[in-house]
Amino acid sequence: MYDKAEQSEMDLNFSDLPPFPEDVPTAPLLRITLSKLTQGDPKEISKLWKACCELGFFYLDLRGGSDSQKSCPTSSALDDRTEHATQEVGRADSATGHDDHSAHTKDDSLKEFEVDIDGEQLLHDAEDLFRVGKSVFDLPVEEKVKYDLKDQGSYFGYKGYGQGVIDAEGTKDRNEFYNVSKDDILGLSEPLSAPKLLHPHRDLLKSFMQHSHAIVDLLLSLLNHQLGLPHGKLSSLHRLASVSGDQVRWVHAPPQPMDDRRTALGQHTDFGSVTVLFNRLGGLQVLPPGSNEWCYVKPLRGHAVINLGDAMVKFSAGILRSNIHRVVNPPGQQADHTRMSLVYFARPADDVILKALSGSTLIDEGRRQNPDETEEQEITSKEWILRRALGRRQGGDWTKAGGTESGRV
Ligand SMILES: O=C(O)CCC(=O)C(=O)O
Ligand SMILES: [Fe+2]
């Protein structure tokens with residue numbers, strides 16, 4: 001018999017897959033429990049803050065406690081969130097300037113998009129979407145390429161195998177993507193053309209987006225408080241109902257030939273604010289600060305990997321970290337398996353300008369200490385994401401694909 005602690009550790013493995021190897025370097029991601037965050041547990045909130053400042057990557061345990069959000073939060077850190085939750089939801093066009101945190105809606109119906117935090121539901125949705133993703137990539141390539149929207153100036157839809165580049169030399173990537181826009185699924189924009197088999201799954205995609213976003217909103221509220229920003233500030237820049245580049249992505253990579261394995265997805269920082277990532281097979285690697293050894297992120301069942309993107313670095317004048325990462329062929333016995341991951345990218349509303357936020361003495365101090373992160377270039381979230389995403393496509397402008405990592409690692 002196993003004791004409870006051993007059993008709980010074993011529950012972290014994916015029993016239907018070959019094990020993640022013991023003998024590869026792994027990254028020191030902190031493990032944070034969602035239900036403790038929703039209860040305002042001060043220790044868990046300090047762990048979150050440490051993870052976001054030091055590595056910019058952490059595990060979020062989504063299991064259990066799905067109704068804990070309804071219990072009364074004790075920490076003052078959560079006051080920010082609870083108060084925010086009672087505010088009206090901003091209109092799609094309200095998240096513009098940085099000093100407009102009194103933006104209130106004229107349209108209460110937008111509240112209909114918001115859901116309670118429910119980690120278990122998100123895990124279920126992710127499980128179902130792994131199956132849907134497989135069926136998308138199983139389509140013939142001639143069908144999939146119909147949904148490559150690059151020539152229309154969009155990063156949504158399909159990106160074929162080798163259609164992205166992983167470095168300045170133009171080396172081709174070794175994965176396929178399918179990107180689904182949050183605004184399309186919520187009806188905030190015109191629907192994009194998509195394979196027929198995705199049509200019946202729009203409600204599932206909607207639920208996954210809403211539940212991912214609800215967790216992102218909690219994380220933003222907690223970080224808002226830690227940064228000493230005016231109440232509700234970060235949330236106001238990331239409303240579910242705002243027009244934004246938020247998207248779901250599936251990443252699909254068949255096993256590479258034994259004698260010719262290389263990076264499948266080139267090193268990068270994420271472009272937006274908060275990434276919610278579901279991995280089953282290894283292959284994701286991060287380069288921890290001050291290190292030159294790439295370390296694997298071991299996938300844990302029941303957990304999402306959360307990482308911060310460049311927008312958070314810019315908003316916080318470099319106090320928060322978006323770390324470089326990449327994807328290689330899965331390690332050890334996993335190497336012969338097709339790897340798929342599922343991601344929700346939360347990004348600031350399209351018209352938000354990416355610069356250090358005002359109203360926090362900590363950020364003011366960060367501005368003085370990290371002048372590199374705070375060049376006052378007026379770029380909107382929409383321009384930044386387009387420029388970086390299309391810069392990594394074949395024929396794109398690689399010089400525009402870089403993020404906040406330059407000069408930092
Ligand atoms: O597939 C993964 O594990 C990570 C994917 C990723 O980093 C990305 O799509 O930005
Ligand atoms: Fe990424």
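**Helix crossing, sheet and ligand shell**

Q: Which hand does the crossing of H5 and H8 have?
A: H5 and H8 cross in a left-handed sense, meaning that the near helix is turned anticlockwise from the far one by less than a right angle. Helices (H or I, at least four residues) and strands (E, at least two) are DSSP runs numbered from the N terminus. The model is predicted: local features need pLDDT of at least 70, side-chain atom pairs count only at pLDDT 80 or more, and totals for chains, interfaces and linings use all residues. Residues are numbered from 1 along each chain as its sequence is written, while chains are lettered from A and ligands numbered from 1 in the order in which they are written.

Q: At what angle do the axes of H5 and H8 cross?
A: Two packed helices are described by the angle and the distance between their axes. The axes of H5 (residues 119-137) and H8 (residues 202-227) cross at roughly 140° and come within 9 Å; axes are lines fitted to C-alpha atoms over the stretch in contact, with angles from 0 to 180 degrees between N-to-C directions.

Q: In what order do the strands of the open sheet of four strands lie?
A: Strands pair if DSSP finds at least two bridges between them. The order is S6-S11-S8-S9, paired antiparallel, with S6 (265-268) and S9 (295-296) as edge strands. S8 (residues 284-286) joins S9 over two bridges; Val286 has Cys295 as its bridge partner in S9.

Q: Which strands each supply at least two residues of the shell around ligand 1?
A: These are S5 (247-253), S7 (274-279), S11 (325-327) and S12 (339-346).
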